[in-house]
Amino acid sequence: MTSSTCSSAPFVFLAFILLLSSFVALTTASFYQDFDITWGDGRGKMLNNGDLLTLSLDKASGSGFQSNNEFLFGKIDMQLKLVPGNSAGTVTAYYLSSKGSAWDEIDFEFLGNLSGDPYILHTNVFSQGKGNREQQFYLWFDPTADFHTYSILWNPQRIIFSVDGTPIREFKNSESIGVAFPKNQPMRIYSSLWNADDWATRGGLVKTDWSQAPFTASYRNFKADACIWSSGASSCTSSSSTTSNSWLSQQLDTSNQERLKWVQKNYMIYNYCTDTKRFPQGLPPECNTS
């Protein structure tokens, strides 16, 4: 072996290691590994080696996918780019849900609108089959122009909805005053793009313009720091690193509490906790907690 061959060997080996590590990162984050397109007859697609997933809607059908794993608590991040242009009548749903008649669910729903009018971000929390906990927001950016990160932090004490790292909603565990909280049923991640023009845009007054179809929403950079539920057991154990599972006890610090107040003051357009006409017998008990 010549000296030039020997001197180049470490660089070849280093290049191989870098290539291998990039491949591992790619496969770990792949939609192929984490999700299954469950309906839509080809309208859902995994592209770019599993880095990108798209859902499409036309007059015949929408489409949807679900996670291969179930989770019982976690911090879930997904980047979405929503249907551009005239998206009136369409709904892009991204949520966690269990099964059965007494299901738990944590919802992001994006309600489309006419070109130039803002999307409505609709949130809800179901526990043991009971929902009716809607809060709705406008966003402070155009969610169709680029990808943005939508996150759900779900631990035994609270659920926090965030957009690009900014909290927009907190639903606290209020079991002490008789309010059920999602904590016993593992949930999968689901997403779908579908036609809801009977209610989605201005209460159903604006219908879907099918001449604009197909409508497409895009997804990338899924990340789950979460307890995977499998065969009746959680991947999170008492021996798990407290650092890696810090989200299990995470709460809003002072800075994030101020950011939450900013969003709710400037961008919240509906809050069930202030809708006295809807609840003439009194607001739900969790609305009276700070």
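## Overall make-up

In this predicted model, residues 24 or more positions apart account for 65% of those contacts in the protein chain that have a separation of 6 or more. The secondary structure of the protein chain consists of three helices and 16 strands.

Of the 290 residues in the protein chain, 46% are buried. The protein chain exposes about 14500 Å², and 53% of this area is supplied by carbon and sulfur atoms.

## Disulfides in the chain

A search of the whole structure finds two disulfides, and when the bonded cysteines are counted along the protein chain, their pattern is 1-2, 3-4.

## Cys227 and Cys236

Cys227 and Cys236 form a disulfide in which the sulfur atoms are 2.1 Å apart, and the link is left-handed, with -100° about the S-S bond. Because buried means under 20% relative accessible area, Cys227, at 3% relative accessibility, counts as buried.

## Cys273 and Cys287

Another disulfide joins Cys273 to Cys287, with a distance of 2.0 Å from S to S, and the link of Cys273 and Cys287 is left-handed, with -75° about the S-S bond. Cys273 lies in the segment after β16 (268-271), and Cys287 also lies in the segment after β16, so the pair ties together parts that are 14 residues apart in sequence. Both Cys273 and Cys287 are buried.

Note on methods. Residues numbered from 1 in each chain as written. Predicted model: local features only at pLDDT ≥ 70, side-chain atom pairs only at ≥ 80, totals over all residues. Heavy atoms only, no water. Helix = DSSP H or I, 4+ residues; strand = E, 2+ residues; numbered from the N terminus. Buried < 20%, exposed > 50% of the residue type's maximum accessible area, 1.4 Å probe, protein only. Contact = heavy atoms within 4.5 Å. Areas by Shrake-Rupley, 256 points an atom, 1.4 Å probe, with all protein chains shown as cover. Disulfide = S-S within 2.5 Å.
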